[in-house]
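This report describes selected packing features of one protein chain. The sequence and the structure are shown first.

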Amino acid sequence: MSSEITIRAARAEDAEAMADIYRPYVLTGTETFETVPPPPASFADKIAHCAAKGWPFLVACAGDEVVGYAYATQFRDRDAYRYACENSIYVRQGQHGRGIGRQLLAALLDAAEKAGFRQMIAVISGVGPASPALHATQGFTEAGRMRSVGRKHDRWLDTLYMQRALGPGDTTPPDA
């Protein structure tokens with residue numbers, strides 16, 4: 001496997017690799033509150049949905065292998081939320097510690113700003129140390145915590161909210 005990591009826009013043919021990356025997080029982790037791994041088709045649908053909305057969906061590749069992915073979607077469906085996005089980042093098991101998450105998040109921040117978002121929110125499930133640390137390195141700060149809102153693997157789990165402004169954030173109106 002190549003040691004060089006490249007970041008590019010996700011394509012429908014990446015969906016199977018994404019499903020493979022996500023599956024262990026669903027089955028054995030607490031980083032997601034999903035309990036049934038979604039099929040590759042759901043990833044292809046999400047890629048198409050993000051593309052149609054102009055929202056970023058990126059993959060990290062080591063050579064030809066997809067080793068991580070990240071995307072940003074509008075934080076909530078109502079129109080007033082249109083300038084706030086929520087991010088998701090997953091790195092293939094065994095590939096942690098190579099800076100893949102950091103590179104994906106940096107690229108995602110840039111792409112989300114270019115897509116018109118002014119705030120990015122990380123909704124971190126299970127609250128292990130890795131994701132909050134990653135987000136802190138990119139300027140995210142804690143915005144809130146919901147205690148014991150999820151239950152998985154016979155444990156109550158918290159959700160941590162971290163937030164970071166994109167571009168001018170809330171210092172100017174979006175059309176300025």
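## Helix H4 and its surroundings

In this predicted model, helix H4 is followed by Gly139, which has a positive phi near 90°. The helix itself spans residues 130–137, and Pro132, Leu134 and His135 are buried in it. These three residues lie on the same side of H4, because they cover an arc of only 160° around the axis.

The cover over the buried residues of H4 includes strand E4, helix H3 (100–114), strand E5 (119–125) and strand E7 (155–165). On the face turned away from the buried side, H4 carries the exposed residues Ala130 and Thr137.

## Ile89 in strand E4

Ile89 is located in strand E4, which comprises residues 84–91. With a relative accessible area of 18%, Ile89 counts as buried, because the cut-off for that class is under 20%.

Leaving aside residues up to four places away in sequence, Ile89 touches Tyr69, Ala70, Gly101, Leu104, Leu105 and Leu134. Between Ile89 and Leu58 the C-alpha to C-alpha distance is 9.4 Å, at a separation of 31 residues in sequence.

## Packing of H1 and H2

Helix H1 (residues 15–28) packs against helix H2 (residues 40–53) at an angle of about 115°, and their axes are 8 Å apart. The crossing of the two helices is right-handed.

H1 contributes Ala15, Glu16, Met18, Ala19 and Tyr22 to the contact, while H2 contributes Pro40, Phe43, Ala44 and Ile47. Classified by residue type, the contact of H1 with H2 has 8 nonpolar residues, 1 charged residue and no polar ones.

Key: Residues numbered from 1 in each chain as written. Predicted model: local features only at pLDDT ≥ 70, side-chain atom pairs only at ≥ 80, totals over all residues. Heavy atoms only, no water. Axes fitted to C-alpha atoms, helices over the stretch in contact; angles between N-to-C directions. Helix = DSSP H or I, 4+ residues; strand = E, 2+ residues; numbered from the N terminus. Left-handed = near helix turned anticlockwise from the far one by under 90°. Contact = heavy atoms within 4.5 Å. Nonpolar A, V, L, I, M, F, W, Y, C, P; charged D, E, K, R; others polar. Buried < 20%, exposed > 50% of the residue type's maximum accessible area, 1.4 Å probe, protein only. Arc of directions from axis to C-beta.
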